[in-house]
Amino acid sequence: MSFKPRETRMKNEIHTDVAIIGAGSAGLYALREVRRAGRDFLLIDSGPLGTTCARVGCMPSKVALHMGAAWAKRNTLPALGIRGTEGLSIDHSAAWARLREQRDHFAANAAGMTHSAAGDKLLAGRARFKEPTLIEVESATGSCYVRARSVVIATGSRPVTPAWLEGIRDRTITTDELFELDALPPSMGIMGLGAIGLEMGLALSRLGIRVVGTDLAPNIGGIADPVIAEHARSRFAREMELWAGVETRLERTDSGVLMHTGDRKAEVGLLLAALGRRPNLEDLGLREACFPIDDRGLPHFDSATMQVADLPVYLAGDVTADRSLMHEAADEGAIAGYNAARQIPTRFARKTPVGIAFSDPDIVTVGARFDSLPPQDIIIGTASGDSNGRSRILDATESVLRIYADATNGRLLGAAMLATGGEHLAHLLAWAVQRRETARDLLNLPFYHPVIEEILQSALQDVVRQRPSSAAYPMGLAPADRS
Ligand SMILES: Cc1cc2nc3c(=O)[nH]c(=O)nc-3n(C[C@H](O)[C@H](O)[C@H](O)COP(=O)(O)OP(=O)(O)OC[C@H]3O[C@@H](n4cnc5c(N)ncnc54)[C@H](O)[C@@H]3O)c2cc1C
């Protein structure tokens, strides 16, 4: 399909080189590239500014986890001889107010960056396509039309709230509302135990809220590796009620919601729906503007260029419904912005996938997922916190790491873990996978003692031991370069 814009001019039509719809993380990275290329632009956002990540996503959720960890720490102190913890108390409203203070700081920073990068080219209003490069923008003061040479769609996503929650809508919140609560209820149900549901369930239970978490899927945190999944289930079942792999029914009661399965029931004050996120596409009028879309309403796009079919239109961030993470939104925004500012799109290499649930012990997936690898083609190197000195000191003996290596050459393909400090191991492993390192070569790098990274060393050694070897040198040593 070769796209030609119509010649007719609309009333209130503004012309620009690149229109960016959405001033979230992806949109701001796109804007940086468009500005770098010296192209004219308009940044359109319906508000509020400040990005999902800073306002209701990555940042406030990590503050909540940090607070939960701080309060839960008191339970471990008596074993260290520290007395008097029973005299401590927590003011949930004050804790949540502090969370909002930190959140406001992050969001104000992001909003400030938006204003200083876009200046008077920030157009406040809701965008809807008339044609692939003609956008109607409705604002409080009326509507105008933006005609652009190219467009970046970076409209993000929103929490899914299915129709079956309708009867208890007033007792159900999403992460858009969670951080706005004035007071935390004594008990909460979490529907959906992916990374977001699990993180929030743990943060709340560590803050002393009774939490019942449930998911249709048996594996929590989106883990594909059955060994890690089992460890995670039994580890976190000690902190919150976990009903995984079951259908939970919900009934309104006088003061809350009754959650029940065949043989279990619990009444909670409030439900958090953490049932996934839906891309903000429906209101963009893509079908009417003749975009090529699939039956889910998603435009066809190439993840190396972010281009939609062969239109001068690019997608970036959560709106793609793929890799819904902040660092991916940033990369996609940069790719989309770079290409939108040029005639011919460049294909960019995408980075090794990494997923982290900051559940402490963290749930981590790096590179190829377990269920995508034929068992006969891989070697699995395993190590646990039980035999890692630093993990013992930190009371983190339940950590477990599984590395998947190519059976033919020992090259790292992926990994999964439940580990204290997993967020850091995740990076080392992702860098190694992306650089196509082998287990043997990685062992030639230094490992300090006593550190959590020694778990990685043990798992790599386990890979090397399982491979046929003719190496004359000790594991972890290479001969000096004689040249
Ligand atoms: C609770 C939670 C925790 C998370 N934790 C993490 C984490 O730890 N690590 C991580 O990597 N990711 C995390 N994420 C995901 C991360 O926040 C998102 O991947 C990221 O923020 C997506 O950025 P975006 O630019 O695509 O969307 P957004 O930041 O949502 O930006 C979209 C923008 O588009 C605007 N918009 C929408 N529709 C229109 C329209 N029609 N017209 C004009 N403007 C419009 C909106 O106003 C918004 O400003 C978390 C998410 C949540 C909800």
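Analyst: Let's take strand S19, residues 362-367: six of its six residues are buried, so the strand is largely enclosed by the rest of the structure. Buried means under 20% relative accessible area, exposed means over 50%, and partly exposed lies in between, with a 1.4 Å probe and protein chains only. Strands (E, at least two residues) and helices (H or I, at least four) are DSSP runs, numbered from the N terminus.

This is a predicted model, in which local features need pLDDT of at least 70 and side-chain atom pairs count only at pLDDT 80 or more, while totals for chains, interfaces and linings use all residues. Residues are numbered from 1 along each chain as its sequence is written, and side-chain values use heavy atoms, leaving out hydrogens and water.

Who are the partners of S19? Strand S18 (residues 354-357) runs antiparallel to S19 and is joined to it by four bridges; two strands pair if DSSP finds at least two bridges between them. Look for Val354, which stands opposite Val366 in S19. S18 and S19 make a hairpin with four residues between them, and in that turn Asp360 has a positive phi of about 35 degrees. S19 is also joined to S22, again antiparallel, by six bridges. There, Gly367 faces Gly414 of S22.

Asp360 leads us to a pocket. With Lys73, Thr76, Arg235 and Leu394, Asp360 is among the closest to the centre of the second largest pocket, out of 24 lining residues. A pocket is an open set of points on a 1 Å grid over the protein atoms alone, where a 1.4 Å probe fits, with protein on both sides within 12 Å along at least five of seven lines; lining residues have an atom within 4 Å of a point. About 860 Å³ of space lies in this second largest pocket, a volume filled by probe spheres set on points joined across faces, edges and corners. Helix H3 (58-72) and helix H6 (195-206) are the elements that give two or more residues to the lining, and H3 has the largest share, with three. By type, the lining has nine nonpolar, six polar and nine charged residues. Here Ala, Val, Leu, Ile, Met, Phe, Trp, Tyr, Cys and Pro count as nonpolar, Asp, Glu, Lys and Arg as charged, and the others, Gly among them, as polar.

Finally, zoom in on Leu204. Setting aside neighbours within four places in sequence, Leu204 is in contact with Trp96, Leu184, Met188, Ile190, Ile209 and Val211, contact meaning heavy atoms within 4.5 Å.
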